[in-house]
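Hello,

Here is the structure I promised to hand over. Please open it first, then read my notes below.

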Amino acid sequence: MRKWNFCAGPAVISEHVLAEVKEELLEWGDSGMSIMEMSHRSSIYDEVATTAKQDFIDLLKIPDSHDVLFLQGGATQQFATVPMNFGHIKKKADYVLSGTWSKKAISEASKILEVNTIASSEDKNFSYAPDPKNWNLSEESAYVHYCPNETIQGVAIHNIPDLEKPLVADMSSVILSEPMDVSKFSLIYAGAQKNIGPAGLTMVIAEKSFMEADNPDLPNILRYSKHAESDSMLNTPPTFGWYMAGKVFKWIKKSGGLEFFKEQNHTKAQTLYTYIDNSSFYSNPVNIENRSIMNIPFILADKNLDSVFLKECEEEGLLNLKGHRSVGGMRASIYNAMPVEGVNQLVDFMKVFEAKHG
Ligand SMILES: *Cc1c(COP(=O)(O)O)cnc(C)c1O
(Lines give C-alpha, C1' and ligand atoms only; values in the text may rest on other atoms or scores of the structure.)
Protein backbone atom coordinates (compact mmCIF):
# COMPACT_ATOMS: atom_id res chain seq x y z
CA MET A 1 0.00 0.00 0.00
CA ARG A 2 1.32 3.45 -0.89
CA LYS A 3 1.76 5.85 2.03
CA TRP A 4 2.55 9.57 2.41
CA ASN A 5 6.21 10.00 1.60
CA PHE A 6 7.84 13.18 2.91
CA CYS A 7 11.35 12.21 1.81
CA ALA A 8 13.67 15.04 0.72
CA GLY A 9 14.95 12.96 -2.18
CA PRO A 10 14.60 10.65 -3.98
CA ALA A 11 11.10 11.86 -3.36
CA VAL A 12 7.45 11.17 -4.01
CA ILE A 13 6.32 10.79 -7.64
CA SER A 14 2.71 11.20 -8.73
CA GLU A 15 0.77 7.98 -8.65
CA HIS A 16 -0.75 8.85 -12.05
CA VAL A 17 2.73 8.92 -13.52
CA LEU A 18 3.73 5.64 -11.89
CA ALA A 19 0.55 3.96 -13.08
CA GLU A 20 1.20 5.04 -16.66
CA VAL A 21 4.77 3.83 -16.46
CA LYS A 22 3.57 0.51 -15.12
CA GLU A 23 1.12 0.24 -17.98
CA GLU A 24 3.88 0.84 -20.54
CA LEU A 25 6.68 -0.98 -18.80
CA LEU A 26 6.76 -4.21 -20.76
CA GLU A 27 6.10 -2.71 -24.14
CA TRP A 28 6.19 0.92 -25.19
CA GLY A 29 3.44 1.49 -27.73
CA ASP A 30 3.70 -1.36 -30.22
CA SER A 31 7.46 -1.20 -30.42
CA GLY A 32 7.93 -4.75 -29.15
CA MET A 33 10.12 -3.66 -26.25
CA SER A 34 10.26 -1.46 -23.19
CA ILE A 35 11.53 2.09 -23.39
CA MET A 36 14.59 1.00 -21.38
CA GLU A 37 15.67 -1.47 -24.04
CA MET A 38 15.58 0.94 -26.93
CA SER A 39 18.38 2.76 -28.70
CA HIS A 40 18.53 6.38 -27.67
CA ARG A 41 19.03 7.13 -31.36
CA SER A 42 15.87 5.34 -32.49
CA SER A 43 13.06 7.44 -33.93
CA ILE A 44 10.67 6.29 -31.19
CA TYR A 45 13.00 7.35 -28.41
CA ASP A 46 13.86 10.55 -30.22
CA GLU A 47 10.22 11.54 -30.11
CA VAL A 48 9.93 10.75 -26.41
CA ALA A 49 13.04 12.83 -25.71
CA THR A 50 12.06 15.77 -27.90
CA THR A 51 8.53 15.91 -26.49
CA ALA A 52 9.84 15.88 -22.92
CA LYS A 53 12.24 18.71 -23.70
CA GLN A 54 9.52 20.77 -25.37
CA ASP A 55 7.09 20.25 -22.47
CA PHE A 56 9.76 21.39 -20.02
CA ILE A 57 10.39 24.48 -22.17
CA ASP A 58 6.64 25.20 -22.28
CA LEU A 59 6.17 24.78 -18.54
CA LEU A 60 8.94 27.18 -17.61
CA LYS A 61 8.43 29.42 -20.66
CA ILE A 62 12.13 29.06 -21.42
CA PRO A 63 13.15 31.69 -23.98
CA ASP A 64 15.00 30.91 -27.26
CA SER A 65 18.13 32.43 -25.77
CA HIS A 66 18.41 29.35 -23.53
CA ASP A 67 18.80 25.62 -24.11
CA VAL A 68 17.88 22.61 -21.98
CA LEU A 69 20.20 19.68 -21.30
CA PHE A 70 19.38 16.24 -19.90
CA LEU A 71 22.56 15.11 -18.14
CA GLN A 72 23.82 12.70 -15.50
CA GLY A 73 25.99 13.13 -12.41
CA GLY A 74 23.53 14.96 -10.17
CA ALA A 75 23.73 18.47 -8.81
CA THR A 76 27.01 17.44 -7.22
CA GLN A 77 28.66 17.07 -10.60
CA GLN A 78 27.39 20.55 -11.46
CA PHE A 79 29.22 21.86 -8.38
CA ALA A 80 32.38 20.90 -10.27
CA THR A 81 31.47 21.46 -13.93
CA VAL A 82 30.22 25.03 -13.46
CA PRO A 83 33.59 26.35 -12.19
CA MET A 84 35.52 24.12 -14.60
CA ASN A 85 33.66 25.55 -17.56
CA PHE A 86 33.30 29.17 -16.63
CA GLY A 87 36.16 29.86 -14.25
CA HIS A 88 38.97 29.52 -16.79
CA ILE A 89 38.91 33.15 -17.89
CA LYS A 90 38.36 35.28 -14.81
CA LYS A 91 39.48 32.53 -12.40
CA LYS A 92 37.26 33.90 -9.69
CA ALA A 93 33.57 33.45 -8.88
CA ASP A 94 31.13 34.85 -6.35
CA TYR A 95 29.20 32.44 -4.13
CA VAL A 96 26.43 32.94 -1.61
CA LEU A 97 26.57 30.68 1.44
CA SER A 98 23.05 29.98 2.72
CA GLY A 99 23.05 26.33 3.75
CA THR A 100 24.58 22.89 3.39
CA TRP A 101 24.29 22.63 -0.38
CA SER A 102 25.78 26.01 -1.20
CA LYS A 103 28.55 25.16 1.25
CA LYS A 104 29.30 22.02 -0.74
CA ALA A 105 29.17 23.96 -3.99
CA ILE A 106 31.72 26.41 -2.55
CA SER A 107 33.96 23.64 -1.31
CA GLU A 108 34.07 21.97 -4.73
CA ALA A 109 34.49 25.22 -6.65
CA SER A 110 37.37 26.22 -4.36
CA LYS A 111 39.40 23.36 -5.81
CA ILE A 112 39.15 24.92 -9.23
CA LEU A 113 39.06 28.67 -8.84
CA GLU A 114 39.13 31.44 -6.29
CA VAL A 115 35.79 31.62 -4.51
CA ASN A 116 34.65 34.90 -3.08
CA THR A 117 31.91 34.21 -0.54
CA ILE A 118 29.90 37.37 -1.07
CA ALA A 119 27.31 36.75 1.64
CA SER A 120 26.74 34.16 4.34
CA SER A 121 24.12 33.23 6.90
CA GLU A 122 26.33 30.71 8.65
CA ASP A 123 26.60 33.09 11.63
CA LYS A 124 23.03 32.20 12.62
CA ASN A 125 23.19 28.56 11.67
CA PHE A 126 21.51 29.21 8.30
CA SER A 127 18.22 30.21 9.90
CA TYR A 128 17.86 33.04 7.37
CA ALA A 129 19.15 33.81 3.88
CA PRO A 130 21.42 36.73 3.02
CA ASP A 131 19.39 39.45 1.30
CA PRO A 132 20.60 40.00 -2.29
CA LYS A 133 20.69 43.74 -1.52
CA ASN A 134 23.65 43.03 0.73
CA TRP A 135 25.60 40.72 -1.54
CA ASN A 136 29.04 42.16 -1.82
CA LEU A 137 29.88 41.34 -5.46
CA SER A 138 33.49 41.17 -6.66
CA GLU A 139 34.55 43.53 -9.39
CA GLU A 140 36.00 40.76 -11.49
CA SER A 141 34.23 37.43 -11.32
CA ALA A 142 33.01 34.90 -13.85
CA TYR A 143 29.55 34.41 -12.31
CA VAL A 144 27.46 34.55 -9.15
CA HIS A 145 26.25 31.25 -7.72
CA TYR A 146 23.49 30.72 -5.19
CA CYS A 147 21.01 28.10 -4.02
CA PRO A 148 17.44 29.49 -4.02
CA ASN A 149 16.14 26.64 -1.89
CA GLU A 150 18.37 25.00 0.68
CA THR A 151 16.79 21.58 1.02
CA ILE A 152 18.28 20.70 4.41
CA GLN A 153 17.72 23.97 6.30
CA GLY A 154 14.44 24.79 4.52
CA VAL A 155 15.73 28.26 3.69
CA ALA A 156 14.76 30.04 0.50
CA ILE A 157 15.66 33.17 -1.41
CA HIS A 158 12.31 33.86 -3.04
CA ASN A 159 13.12 36.84 -5.21
CA ILE A 160 15.49 36.41 -8.10
CA PRO A 161 18.27 38.93 -7.67
CA ASP A 162 18.87 41.48 -10.42
CA LEU A 163 22.60 41.46 -11.03
CA GLU A 164 24.86 42.60 -13.82
CA LYS A 165 26.77 39.31 -13.69
CA PRO A 166 25.89 35.88 -15.03
CA LEU A 167 23.68 34.24 -12.44
CA VAL A 168 23.97 30.50 -11.72
CA ALA A 169 21.53 28.67 -9.47
CA ASP A 170 21.21 25.23 -7.89
CA MET A 171 17.46 24.68 -8.14
CA SER A 172 17.44 20.97 -7.29
CA SER A 173 14.65 21.17 -4.74
CA VAL A 174 12.58 24.03 -6.11
CA ILE A 175 12.49 23.73 -9.89
CA LEU A 176 8.94 23.49 -11.31
CA SER A 177 7.38 24.39 -7.96
CA GLU A 178 6.20 27.72 -9.39
CA PRO A 179 6.67 29.87 -12.50
CA MET A 180 9.91 31.83 -12.72
CA ASP A 181 11.74 34.17 -15.07
CA VAL A 182 14.39 31.93 -16.62
CA SER A 183 15.84 34.82 -18.64
CA LYS A 184 17.42 36.20 -15.48
CA PHE A 185 19.75 33.21 -15.24
CA SER A 186 22.80 32.20 -17.23
CA LEU A 187 22.64 28.67 -15.88
CA ILE A 188 20.27 26.65 -13.73
CA TYR A 189 20.83 23.07 -12.67
CA ALA A 190 18.72 20.57 -10.76
CA GLY A 191 18.94 16.91 -9.89
CA ALA A 192 15.68 15.25 -10.94
CA GLN A 193 15.03 13.21 -7.82
CA LYS A 194 13.34 15.99 -5.83
CA ASN A 195 10.63 17.54 -7.94
CA ILE A 196 10.92 15.80 -11.31
CA GLY A 197 11.41 12.06 -11.35
CA PRO A 198 13.81 9.24 -10.54
CA ALA A 199 17.44 9.86 -9.61
CA GLY A 200 20.02 9.66 -12.37
CA LEU A 201 18.88 12.61 -14.45
CA THR A 202 20.14 16.16 -14.02
CA MET A 203 18.41 19.07 -15.72
CA VAL A 204 20.42 22.04 -16.94
CA ILE A 205 18.99 25.21 -18.43
CA ALA A 206 21.73 27.40 -19.88
CA GLU A 207 21.97 30.58 -21.81
CA LYS A 208 23.39 29.75 -25.24
CA SER A 209 25.81 32.66 -25.33
CA PHE A 210 27.10 31.72 -21.86
CA MET A 211 27.68 28.09 -22.89
CA GLU A 212 29.66 29.21 -25.95
CA ALA A 213 32.27 30.61 -23.58
CA ASP A 214 32.86 27.29 -21.83
CA ASN A 215 36.36 25.91 -21.38
CA PRO A 216 37.58 24.32 -24.66
CA ASP A 217 40.41 22.50 -22.88
CA LEU A 218 38.02 20.22 -21.02
CA PRO A 219 37.06 16.77 -22.26
CA ASN A 220 33.81 17.01 -24.22
CA ILE A 221 31.80 15.12 -21.62
CA LEU A 222 32.39 17.99 -19.19
CA ARG A 223 31.53 20.80 -21.62
CA TYR A 224 28.03 22.27 -21.73
CA SER A 225 28.38 23.44 -25.33
CA LYS A 226 29.22 19.90 -26.49
CA HIS A 227 26.16 18.46 -24.77
CA ALA A 228 24.04 21.22 -26.30
CA GLU A 229 25.43 20.62 -29.81
CA SER A 230 24.47 16.97 -29.60
CA ASP A 231 21.02 17.51 -28.03
CA SER A 232 22.19 15.82 -24.80
CA MET A 233 23.16 12.71 -26.76
CA LEU A 234 26.91 13.13 -26.75
CA ASN A 235 26.84 9.71 -25.15
CA THR A 236 23.97 7.53 -23.93
CA PRO A 237 21.71 9.74 -21.82
CA PRO A 238 19.75 8.41 -18.82
CA THR A 239 16.97 7.21 -21.11
CA PHE A 240 14.55 5.89 -18.50
CA GLY A 241 14.84 8.98 -16.30
CA TRP A 242 14.34 11.24 -19.31
CA TYR A 243 11.23 9.27 -20.32
CA MET A 244 9.82 9.48 -16.80
CA ALA A 245 10.60 13.18 -16.53
CA GLY A 246 8.57 13.58 -19.72
CA LYS A 247 5.64 11.85 -18.02
CA VAL A 248 5.95 14.17 -15.03
CA PHE A 249 6.02 17.24 -17.31
CA LYS A 250 2.83 16.05 -19.03
CA TRP A 251 1.21 15.44 -15.65
CA ILE A 252 2.14 18.96 -14.51
CA LYS A 253 0.68 20.40 -17.72
CA LYS A 254 -2.55 18.42 -17.36
CA SER A 255 -2.90 19.43 -13.71
CA GLY A 256 -2.85 23.11 -14.64
CA GLY A 257 0.82 23.94 -15.07
CA LEU A 258 3.11 25.80 -12.72
CA GLU A 259 0.42 28.32 -11.72
CA PHE A 260 -1.62 25.45 -10.31
CA PHE A 261 1.34 24.00 -8.42
CA LYS A 262 2.39 27.39 -7.12
CA GLU A 263 -0.99 27.80 -5.51
CA GLN A 264 -1.14 24.26 -4.21
CA ASN A 265 2.41 24.40 -2.86
CA HIS A 266 1.73 27.66 -1.05
CA THR A 267 -1.46 26.24 0.43
CA LYS A 268 0.36 23.15 1.69
CA ALA A 269 3.24 25.15 3.14
CA GLN A 270 0.89 27.68 4.76
CA THR A 271 -1.13 24.90 6.38
CA LEU A 272 1.97 23.45 7.97
CA TYR A 273 3.65 26.73 8.97
CA THR A 274 0.45 28.16 10.43
CA TYR A 275 -0.07 25.14 12.58
CA ILE A 276 3.58 25.08 13.70
CA ASP A 277 3.60 28.82 14.50
CA ASN A 278 0.41 28.59 16.54
CA SER A 279 1.68 25.68 18.57
CA SER A 280 3.99 25.93 21.55
CA PHE A 281 5.00 22.31 21.04
CA TYR A 282 6.45 22.57 17.50
CA SER A 283 8.67 25.28 16.08
CA ASN A 284 10.41 26.26 12.88
CA PRO A 285 13.66 28.20 13.26
CA VAL A 286 13.65 29.94 9.87
CA ASN A 287 13.13 33.66 9.33
CA ILE A 288 9.58 34.06 8.00
CA GLU A 289 10.47 35.65 4.66
CA ASN A 290 13.07 32.99 3.94
CA ARG A 291 10.91 29.98 4.57
CA SER A 292 10.91 27.29 1.92
CA ILE A 293 7.67 26.15 0.35
CA MET A 294 9.19 22.74 -0.45
CA ASN A 295 11.12 21.62 2.63
CA ILE A 296 9.78 22.42 6.07
CA PRO A 297 11.94 21.57 9.06
CA PHE A 298 10.40 21.64 12.51
CA ILE A 299 11.47 20.71 15.99
CA LEU A 300 9.57 19.31 18.93
CA ALA A 301 9.73 21.11 22.27
CA ASP A 302 11.17 17.95 23.82
CA LYS A 303 13.93 16.27 21.81
CA ASN A 304 13.39 13.06 23.76
CA LEU A 305 10.09 12.65 21.95
CA ASP A 306 11.70 12.63 18.47
CA SER A 307 11.88 8.88 18.17
CA VAL A 308 8.34 8.37 19.52
CA PHE A 309 7.06 10.96 17.06
CA LEU A 310 8.75 9.24 14.13
CA LYS A 311 7.58 5.81 15.18
CA GLU A 312 3.96 6.92 15.54
CA CYS A 313 4.17 8.77 12.21
CA GLU A 314 5.20 5.55 10.54
CA GLU A 315 2.29 3.72 12.10
CA GLU A 316 0.02 6.41 10.61
CA GLY A 317 1.56 5.98 7.17
CA LEU A 318 3.53 9.25 7.34
CA LEU A 319 7.03 8.37 6.20
CA ASN A 320 10.52 9.90 6.07
CA LEU A 321 9.94 12.85 8.39
CA LYS A 322 13.29 12.63 10.15
CA GLY A 323 15.31 15.82 9.69
CA HIS A 324 18.74 15.70 8.08
CA ARG A 325 21.37 14.30 10.45
CA SER A 326 23.20 17.65 10.41
CA VAL A 327 20.25 19.65 11.79
CA GLY A 328 18.17 17.07 13.66
CA GLY A 329 14.46 17.40 14.39
CA MET A 330 11.93 16.76 11.65
CA ARG A 331 11.56 17.82 8.06
CA ALA A 332 8.56 17.51 5.77
CA SER A 333 9.42 17.74 2.09
CA ILE A 334 6.25 18.60 0.23
CA TYR A 335 7.12 18.64 -3.45
CA ASN A 336 4.56 18.92 -6.28
CA ALA A 337 3.61 15.25 -6.05
CA MET A 338 2.60 15.51 -2.37
CA PRO A 339 -1.15 16.18 -2.40
CA VAL A 340 -2.86 18.62 -0.02
CA GLU A 341 -4.45 15.60 1.64
CA GLY A 342 -1.05 14.23 2.70
CA VAL A 343 -0.14 17.51 4.41
CA ASN A 344 -3.55 17.69 6.11
CA GLN A 345 -3.06 14.19 7.48
CA LEU A 346 0.36 15.15 8.79
CA VAL A 347 -1.08 18.20 10.56
CA ASP A 348 -3.93 16.12 11.99
CA PHE A 349 -1.41 13.67 13.36
CA MET A 350 0.72 16.48 14.81
CA LYS A 351 -2.32 17.83 16.64
CA VAL A 352 -3.08 14.47 18.19
CA PHE A 353 0.55 14.01 19.17
CA GLU A 354 0.70 17.47 20.72
CA ALA A 355 -2.49 16.85 22.70
CA LYS A 356 -1.01 13.63 24.04
CA HIS A 357 2.49 14.86 24.85
CA GLY A 358 2.33 18.67 24.91
C1 LIG B 1 19.73 17.03 -3.31
C2 LIG B 1 20.47 18.28 -3.59
C3 LIG B 1 21.78 18.28 -4.11
C4 LIG B 1 22.56 17.01 -4.37
O5 LIG B 1 22.05 16.37 -5.46
P6 LIG B 1 22.72 15.07 -6.10
O7 LIG B 1 21.86 14.84 -7.27
O8 LIG B 1 22.66 13.99 -5.07
O9 LIG B 1 24.11 15.42 -6.46
C10 LIG B 1 22.37 19.51 -4.37
N11 LIG B 1 21.74 20.65 -4.15
C12 LIG B 1 20.49 20.70 -3.64
C13 LIG B 1 19.83 22.01 -3.41
C14 LIG B 1 19.81 19.52 -3.35
O15 LIG B 1 18.57 19.57 -2.86
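The residues of the shell around the ligand divide by type into 7 polar, 4 nonpolar and 2 charged. Keep in mind that this is a predicted model.

Which element gives the most to that shell? Helix H3, spanning residues 74-86, does, with 4 residues. There are 13 residues around the ligand. Those that come nearest are Thr76, Thr151, Asp170, Gln193 and Lys194.

In Thr76, a side-chain N or O atom is 2.5 Å from an oxygen atom of the ligand. In Asp170, a side-chain N or O atom lies 2.6 Å from a nitrogen atom of the ligand. In Gln193, the distance from a side-chain N or O atom to a ligand oxygen atom is 2.9 Å. On its own, the ligand has 390 Å² of accessible area, and the protein covers 86% of that.

Now the cysteines. How many disulfides does the structure hold? The count is 0. Take Cys147: its sulfur is 17 Å from the closest cysteine sulfur, which belongs to Cys7. Cys313 is in no disulfide either. Its nearest cysteine sulfur is that of Cys7, 14 Å away.

Are these two cysteines, Cys147 and Cys313, buried or exposed? Cys147 has 2% relative accessibility, so it counts as buried. Cys313 has 1%, so it counts as buried too. The cut-off for buried is under 20%.

Best wishes

Terms used. Residues are numbered from 1 along each chain as its sequence is written. This is a predicted model: local features need pLDDT of at least 70, side-chain atom pairs count only at pLDDT 80 or more; totals for chains, interfaces and linings use all residues. Side-chain values use heavy atoms; hydrogens and water are left out. A residue is near a molecule or strand if one of its heavy atoms lies within 4 Å of it. A polar contact is a pair of N or O atoms within 3.5 Å; within protein, one must be able to donate a hydrogen and the other to accept it, and residues adjacent in sequence count only if both atoms are side-chain atoms. Accessible areas come from the Shrake-Rupley method with a 1.4 Å probe; for residues, only the protein chains shown count as cover. Helices (H or I, at least four residues) and strands (E, at least two) are DSSP runs, numbered from the N terminus. Ala, Val, Leu, Ile, Met, Phe, Trp, Tyr, Cys and Pro count as nonpolar, Asp, Glu, Lys and Arg as charged, and the others, Gly among them, as polar. A disulfide is a pair of cysteine sulfur atoms within 2.5 Å. Buried means under 20% relative accessible area, exposed over 50%, partly exposed in between (1.4 Å probe, protein chains only).
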